[in-house]
Every structure is written in structure tokens, then in C-alpha cells.
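Me: I am new to this structure. Please show me how to read it, one feature at a time.

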Amino acid sequence: MNRDEAIERVEDILAAVEDETMPVPVREVWVYGDVALGLDPVERLDVYVTKDILLRGDDGDAAERFRKSHGVEGVGRTVRAEWAEQYPEYIRANDSGHAAPEKCLAAHLLPEDEPVHLEVCNSSFEDNVTQRLKGAIERETYEQILDPRGVCLWAEGQRSDEALRKLRESELAFPTLPDALEMLGMDESKTDEAAQAVESYRKRQEGATVRGDVV
């Protein structure tokens, strides 16, 4: 998508998080990668959402009702019952048949036919970047690295208009991905290989994609 379309999609996501009931509480919204770097066009729009786990989620009546109507377990426990009542068309389940918060968020926030990737985790962006890099180095699975070049647009119920302005006007400055990985402690001899693996993985993705993580 061209850059204007990508920024418009970001603004749509922010508006939905601010104004609509989400399947789970959302604490942060970040963008990273191409859109943060100011590229045009944006090959894939990468969005990161920090979610909270439901603390009051134990609505047994809703769970039974949606199990019968949609064949999905866990509504009212892993995702909000009030959200499922409002947006039943966005209910999505994991392979075991339980409501999957990350898939529900993706269905709610992303058009299926656009090149947008959504990362959903209970941990903040910075913490997850560090954890994913550590795991990727240990296992040499560099394609699993989370690009650290991100910008926080929404946190704890507050939108950052200044960050959004800088994003829209391409005023944000970031290092290359190899340099960014080296700054985070990766051996310089591995950074180019890792960056190529990340880029190759991204290019293989099509349409809207989602990944759920727990740290």
C-alpha cells in the first residue's frame, strides 16, 4: 500500500482501540518496520498491540451460549463476553477450539485483503523485542526477530498526537536493522544474516497476518 493508505489504516486501528469494545483490554499500540522508517510504498504495515489478560473473565453463561451458537469455547473467559455480543462476526478460535484473543483482535482491526501484520503480546514492545532477540540468537531462528525500530502511538488510554504527526511526516530517524540489532547486543558478525532472514520472512507473508505471543 502507498504511505498515505498505510497511515490511514493506522489511524483506523487507533480509532477502533479508542472508541470500540475490544476482545481484551489493550494497553499499547505501536507500529514498526517500513511505516516507521518513512518508506513509500509500505510493503507490509507492521502493528504491535500489548494486551492485558482478562482478570474478571469468568462468564459461564456466555461461554455456554457461544459454545452452542459458534462452536467456540472460552467466550467470557479469554475474550470479553460483551465484545462477542457486539461483534460475533469477529470471533475466532485457535486449533483447540478456544477463543483466541490475537485472532479476534486481528479480525476486528484488520481488513483481510491488505498487507498488514499484527503482533499481539501481553508484554510491552521493548520487552518483547529483547526476549525475541535472545531466543532467536540461542536457537539461530533469526526470522523470528521482532524489528526493534518502532514508535508508540497509544498507551494507557492516551494517543500520542506528536508521534502520529512525526510518523505521518516521516520525521522519525532509525538506524539500519543490522545496526539496531548490534545496539541490542547481537554479535556484529551475525547482524546482516539476521536482517536478511527477517526481510525474507516478511516477503513470504501475504494479506493480513497475526502472531500471538506470551512473555
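The dialogue below goes through helices, a pocket, some single residues and a few backbone details.

Me: What kind of model is this, and how are residues numbered?
Reply: This is a predicted model, in which local features need pLDDT of at least 70 and side-chain atom pairs count only at pLDDT 80 or more, while totals for chains, interfaces and linings use all residues. Residues are numbered from 1 along each chain as its sequence is written, and side-chain values use heavy atoms, with hydrogens and water left out.

Me: How many residues does helix α6 have, and what span does it reach?
Reply: Helices (H or I, at least four residues) and strands (E, at least two) are DSSP runs, numbered from the N terminus. The expected span of a helix is 1.5 Å times one less than its number of residues. Helix α6, residues 125-139, has 15 residues and reaches 21 Å from its first C-alpha to its last, close to the 21 Å expected. Glu 140 follows α6 and has a positive phi, near 55°.

Me: Which residues of α6 are buried?
Reply: Buried means under 20% relative accessible area, exposed over 50%, and partly exposed in between (1.4 Å probe, protein chains only). An α-helix has 3.6 residues a turn, so residues three or four places apart point the same way. In α6 the buried residues are Phe 125, Asn 128, Val 129, Arg 132, Leu 133, Gly 135 and Ala 136. They lie on the same side of α6 because they cover an arc of only 165° around the axis; the arc is that of the directions from the helix axis to the C-beta atoms.

Me: What do the buried residues of α6 pack against?
Reply: Their partners are β1 (26-32), β2 (45-51), β3 (116-121), β4 (150-155), α8 (177-183) and β6 (209-213). Contact means heavy atoms within 4.5 Å.

Me: Which residues of α9 are buried, and which exposed residues are on the face turned away from them?
Reply: Thr 191, Ala 194, Ala 195, Ala 197, Val 198 and Arg 202 are buried in α9. Seen down the axis, these buried residues fall within an arc of 165°, so they line one face of the helix. The face turned away from the buried side of α9 carries the exposed residues Ser 189, Gln 196 and Lys 203. Among what covers the buried residues of α9 are α2, β2 and α8. The helix has 16 residues and reaches 24 Å from its first C-alpha to its last, close to the 22 Å expected.

Me: How is a pocket found, and what volume has the largest pocket?
Reply: Rolling a probe the size of a water molecule over the atoms shows where empty space is left. On a 1 Å grid over the protein atoms alone, a cavity is a set of points where a 1.4 Å probe fits but cannot get out, and a pocket is an open set with protein on both sides within 12 Å along at least five of seven lines; lining residues have an atom within 4 Å of a point. Grid points are joined across faces, edges and corners, and a volume is the space filled by probe spheres set on the points. Here the largest pocket has a volume of about 350 Å³. It is lined by 24 residues, of which Tyr 32, Ile 145, Val 198, Tyr 201 and Arg 202 are the closest to its centre.

Me: Which element gives the most to this lining?
Reply: α9 does, with five residues. At least two lining residues each come from α2 (34-37), β3, α9 (188-203) and β6.

Me: What about Arg 202: buried or exposed?
Reply: Arg 202, in helix α9, counts as buried, at 14% relative accessibility. Leaving aside neighbours within four places in sequence, Arg 202 is in contact with Asp 34, Arg 44 and Asp 46.

Me: Where is Tyr 142?
Reply: Tyr 142 sits in the loop between α6 and β4 and is buried, with a relative accessible area of 6%. Its C-alpha is 8.0 Å from that of Glu 193, although the two are 51 residues apart in sequence. Beyond neighbours within four places in sequence, the contacts of Tyr 142 include Ala 136, Met 186 and Val 198.

Me: Which residues does a cis peptide bond join?
Reply: Asp 40 and Pro 41 are joined by one, with omega about 5°. Pro 41 lies in the loop between α2 and β2.

Me: Where is Glu 156, and what is its phi?
Reply: Glu 156 is in the loop between β4 and β5 (158-159). Its phi is positive, about 50°, although Glu 156 is not a glycine. Glu 156 is exposed, with a relative accessible area of 61%.
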